[in-house]
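Here is a short report on one protein chain. Keep the sequence and the 3D view open as you read.

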Amino acid sequence: MTKADIVNEISKQTGVEKAQVQQIVEAFMESVKNALIENKDKKGKDRGVFLRGFGSFIIKDRAPKVARNITEGTSIDIPAHCIPAFKPSPAVQRLLRKK
């Protein structure tokens with residue numbers, strides 16, 4: 001499902017014009033992105049965006065590691081970094097297991 005599909009589905013379900021839905025979806029994504037960027041240096045559980053009953057957009061920390069470039073036979077040091085991730089709520093996980 002693409003962003004355009006989401007906009008079309010929401011517009012169809014709510015009767016709101018696609019242009020308005022597009023702006024709302026864009027604003028939602030921008031808010032989530034900004035919240036993750038602002039909270040990436042925090043420690044603890046308050047680093048993500050939590051949508052009760054749906055899931056959480058969280059930040060996962062990756063430890064530094066040494067990787068291999070097989071084609072050149074060299075080692076590459078990859079520094080510690082963080083990545084965004086989505087963790088579905090238990091309710092969504094149960095729904096996905098049923099299908």
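## One face of a helix

In helix α2, the buried residues are Val 21, Val 25, Val 32, Leu 36 and Asn 39. They share the same side of α2, because the arc they cover around the axis is only 90 degrees. An α-helix makes a turn every 3.6 residues, so residues three or four places apart point the same way. The other side of α2 holds exposed residues: Ala 19, Gln 23 and Glu 38.

Bear in mind that this model is predicted.

What do the buried residues of α2 pack against? Their partners are α1 (3–14), β1, β2 and β5.

Ile 24 also belongs to α2. Is Ile 24 buried or exposed? Its relative accessible area is 57%, and exposed means over 50%, so Ile 24 counts as exposed.

Now take the length of the helix. α2 has 22 residues, and its first and last C-alpha atoms lie 31 Å apart. That is close to the 32 Å expected at 1.5 Å a residue. Helix α1 passes the same kind of check: its 12 residues should span 16 Å, and its end C-alpha atoms are 16 Å apart. After α1 comes Gly 15, which has a positive phi near 80 degrees.

## The sheet beside it

Strands of a sheet pair through backbone hydrogen bonds, either parallel or antiparallel. Which kind of pairing does the open sheet of 3 strands show? The pairing is antiparallel, and the strand order is β1-β2-β5. β1 (49–51) and β5 (81–88) are the edge strands; each has a single partner, so one side of each lacks a neighbour in the sheet. On average, neighbouring strands of this sheet are turned by 30 degrees against each other, direction ignored. Helix α2 (residues 18–39) packs on the sheet and touches β1, β2 and β5. The direction of α2 makes about 35 degrees with that of β2.

Look next at the individual pairs. β1 and β2 (residues 55–62) run antiparallel and are joined by 3 bridges. Leu 51 sits opposite Gly 55 in β2, while Val 49 has Phe 57 as its bridge partner in β2. The hairpin of β1 and β2 has 3 residues between the strands, and there Gly 53 takes a positive phi near 85 degrees.

On to the other pair in this sheet. β2 and β5 are antiparallel too, with 8 bridges. Ser 56 has Lys 87 in β5 as its bridge partner.

Ala 85 is part of strand β5. Which residues does Ala 85 contact, leaving aside neighbours within four places in sequence? They are Ser 56, Phe 57, Ile 58 and Lys 60.

## A second hairpin

Strands β3 (residues 65–69) and β4 (residues 74–78) also run antiparallel, joined by 5 bridges. Val 66 stands across from Asp 77 in β4. The two strands form a hairpin with 4 residues between them. In its turn, Gly 73 has a positive phi of about 70 degrees.

| Strand pair | Sense | Bridges |
|---|---|---|
| β1 and β2 | antiparallel | 3 bridges |
| β2 and β5 | antiparallel | 8 bridges |
| β3 and β4 | antiparallel | 5 bridges |

## The whole chain

How many helices and strands does the chain have? There are 3 helices and 5 strands. Along the sequence they follow the pattern α-α-β-β-β-β-β-α. The radius of gyration is 19 Å, well over the 13 Å that the globule rule gives for 99 residues, so the chain is more spread out than a compact globule. The C-alpha trace spans about 55 × 35 × 35 Å along its principal axes.

Of the 99 residues in the chain, 17% are buried. Contacts give another view. Take those between residues at least 6 apart in sequence: 30% of them join residues at least 24 apart.

Note on methods: Residues are numbered from 1 along each chain as its sequence is written. This is a predicted model: local features need pLDDT of at least 70, side-chain atom pairs count only at pLDDT 80 or more; totals for chains, interfaces and linings use all residues. Side-chain values use heavy atoms; hydrogens and water are left out. Two strands pair if DSSP finds at least two bridges between them. Axes are lines fitted to C-alpha atoms, for helices over the stretch in contact, and angles run from 0 to 180 degrees between N-to-C directions. Contact means heavy atoms within 4.5 Å. The expected span of a helix is 1.5 Å times one less than its number of residues. Buried means under 20% relative accessible area, exposed over 50%, partly exposed in between (1.4 Å probe, protein chains only). The arc is that of the directions from the helix axis to the C-beta atoms. The radius of gyration is taken over C-alpha atoms; the globule rule is 2.2 Å times the number of residues to the power 0.38.
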